[in-house]
Amino acid sequence: MADLLTDYADHRARDQAQQLRAAVPSPRIAMLGGIGLNEDADASFAGLLQSPDLPLGTMLTVSSHAARLPGVAQTDMNELAQILTMWAERFMPDHDRRTLLFGLSGAFAVAAAAPLFDRLPPGERERMAGVLADPDRLDETAITHAERMVQASRRQGDVLGPHAALQVVMAQRRMFQGILQAKPSGELLRRSQSVYAELTQLVGWLLFNIGDYQAAQHYYDEARTAAHDAQNVELVTYILCTMSHLATWQGKPRVGIDHAVAAEVWARRSQSPSALAYASDVAARAYAADGEWDACDEALDTERAALADIPTAAPAGNWWYFYDESFYWATKSGCSLLRGRPQDALAANAQALTLIDSTNLHNRAFTLAFQSEALMQQGEISEACQILSGVVRMTAVHKSRRVDQCILELRDQMNTRHGSTKDVAELDETLRTYRDASLLKGRRNNS
């Protein structure tokens, strides 16, 4: 390279990586300047960053300015990671820099999900404030925004996890309780009841993932009643599906079958292929958990046929945004695992992973956990541990008790089947790094 540059012009200035280095000669100086600090503030700012309780607001400020550094938008993620690591090393040359980087990863996740909060323009903001002050002012524009708000809250939970989304959703639900007490009429009443039912179901879903199953059941029951009051058949189907899922997860597959059968009845009345497909999906899981393999296969066949009937361009209800063909393959994989067929499970899992929405951390985490379990059943413990370690790292910000329970159950199975191997010890180290150490003593509890 040196010989080439001796005889020819230097074009490094045209290289994107070189442009970034020139624009940011020192990650520390660039970051301090972007945040509005100077060299004199170096020591105090470094001290703040080294605090074990670094405020989320400070991390969001750091991450948002980091995202606006020259060239970052065109930078490869590995290169960006190197820049942030260099920056952290300047501030924290000891092992504590891991704490800083881990905190920043959470801040970046929050920043990435910020559009989900759906900020309103001034006119709509005033309109919604007027509705809150006087529910009689509810109109088409306000209710349409509220419906979008619910979908945004669902996606927020997918990205950030149940704890981050729960308080916002509870506040939205209380708001619609007040609106319903004002007794809107006609179509506005039915739509308001549907929004309230959705928010109530979403509270139950978030509590389910936090691990409070009794509270989740309470909200699901209330949501089903509200959806019936709204005469929203498709929403009733969806809520019954989530009730089936909850029962099956708690080790009550026959209760899960009851809810799934009811969901299929309402799904056929709704004439929605999405509703029928998802109702068949939860039915297959419940039948598999109860060991009813013929019924499980029949439910999977029904789901596959209904999937083919879903028009690609047709708008789906907000509650079906997450559902696609990847669910069929993931459920087929999970059922094959329960049946003791790891090779079939891996084949179906591979299909699911090619189709799944990678931004939905919740669904991706469980699909990868199925892959890890299938590999473990085949005796491929090293690869199974690597995949499960990836799930631990991927869901560090998205804190779901159900995900943690799944991880711990698989880890315990690995210990039972293969003993304390080097791979399992490395998995435990990953758990200690990305989770509270007490989790290593935990066990799955579905009571």
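**Reading the pocket, the cavity and the contacts**

Author: The residues that line the largest pocket divide into 23 nonpolar, 18 polar and seven charged. Here Ala, Val, Leu, Ile, Met, Phe, Trp, Tyr, Cys and Pro count as nonpolar, Asp, Glu, Lys and Arg as charged, and the others, Gly among them, as polar. The model is predicted: local features need pLDDT of at least 70 and side-chain atom pairs count only at pLDDT 80 or more, while totals for chains, interfaces and linings use all residues. Residues are numbered from 1 along each chain as its sequence is written, and side-chain values use heavy atoms, with hydrogens and water left out.

Reader: What volume does the largest pocket have, and which residues are the closest to its centre?

Author: On a 1 Å grid over the protein atoms alone, a pocket is an open set of points with protein on both sides within 12 Å along at least five of seven lines; a cavity is a set where a 1.4 Å probe fits but cannot get out, and lining residues have an atom within 4 Å of a point. Points are joined across faces, edges and corners, and a volume is the space filled by probe spheres set on them. In this model the largest pocket has a volume of about 1,100 Å³. It is lined by 48 residues, of which His 245, Trp 249, Arg 285, Phe 366 and Phe 370 are the closest to its centre. Elements giving two or more residues to this lining include helix H9 (140-160), helix H11 (186-210) and helix H13 (233-249). The largest share, eight residues, comes from H17.

Reader: How are such elements assigned, and how many helices and strands does the chain have?

Author: Helices (H or I, at least four residues) and strands (E, at least two) are DSSP runs, numbered from the N terminus. The chain has 22 helices and zero strands.

Reader: Is helix H17 mostly covered or mostly open?

Author: One begins with accessibility: buried means under 20% relative accessible area, exposed over 50%, and partly exposed in between, with a 1.4 Å probe and protein chains only. Over the chain of 447 residues, 48% count as buried. H17 is mostly covered, with 11 of its 14 residues buried; among them are Phe 327, Tyr 328 and Trp 329. Contact means heavy atoms within 4.5 Å, and the cover over the buried residues of H17 includes H15, helix H16 (293-308), helix H18 (342-355) and H19. From first C-alpha to last, H17 reaches 21 Å, close to the 20 Å expected at 1.5 Å a residue; the expected span is 1.5 Å times one less than the number of residues. After H17 comes Gly 340, whose phi is positive, near 75°.

Reader: Which residues line the largest cavity?

Author: There is one cavity of 30 Å³ or more, and the largest cavity has a volume of about 30 Å³. Its lining consists of Ala 365, Phe 366, Ala 369, Val 391, Val 403, Cys 406 and Ile 407, which divide into seven nonpolar, no polar and no charged. Helix H19 (361-377) and helix H21 (401-418) each supply at least two of the lining residues.

Reader: With what is Val 403 in contact, apart from its neighbours within four places in sequence?

Author: Val 403 lies in helix H21 and is buried, with a relative accessible area of 2%. Leaving aside those neighbours, Val 403 is in contact with Ala 365, Phe 366, Val 391 and Thr 395. Val 403 and Val 391 are 12 residues apart in sequence and 8.9 Å apart in space, C-alpha to C-alpha.

Reader: Where do Arg 432 and Glu 429 lie in relation to each other?

Author: An α-helix has 3.6 residues a turn, so residues three or four places apart point the same way. Arg 432 forms a salt bridge with Glu 429, with the closest N and O atoms 3.4 Å apart. They are three residues apart in helix H22 (residues 422-434), and therefore separated by about one helical turn.

Key: Salt bridge = Lys/Arg side-chain N within 4 Å of Asp/Glu carboxyl O.
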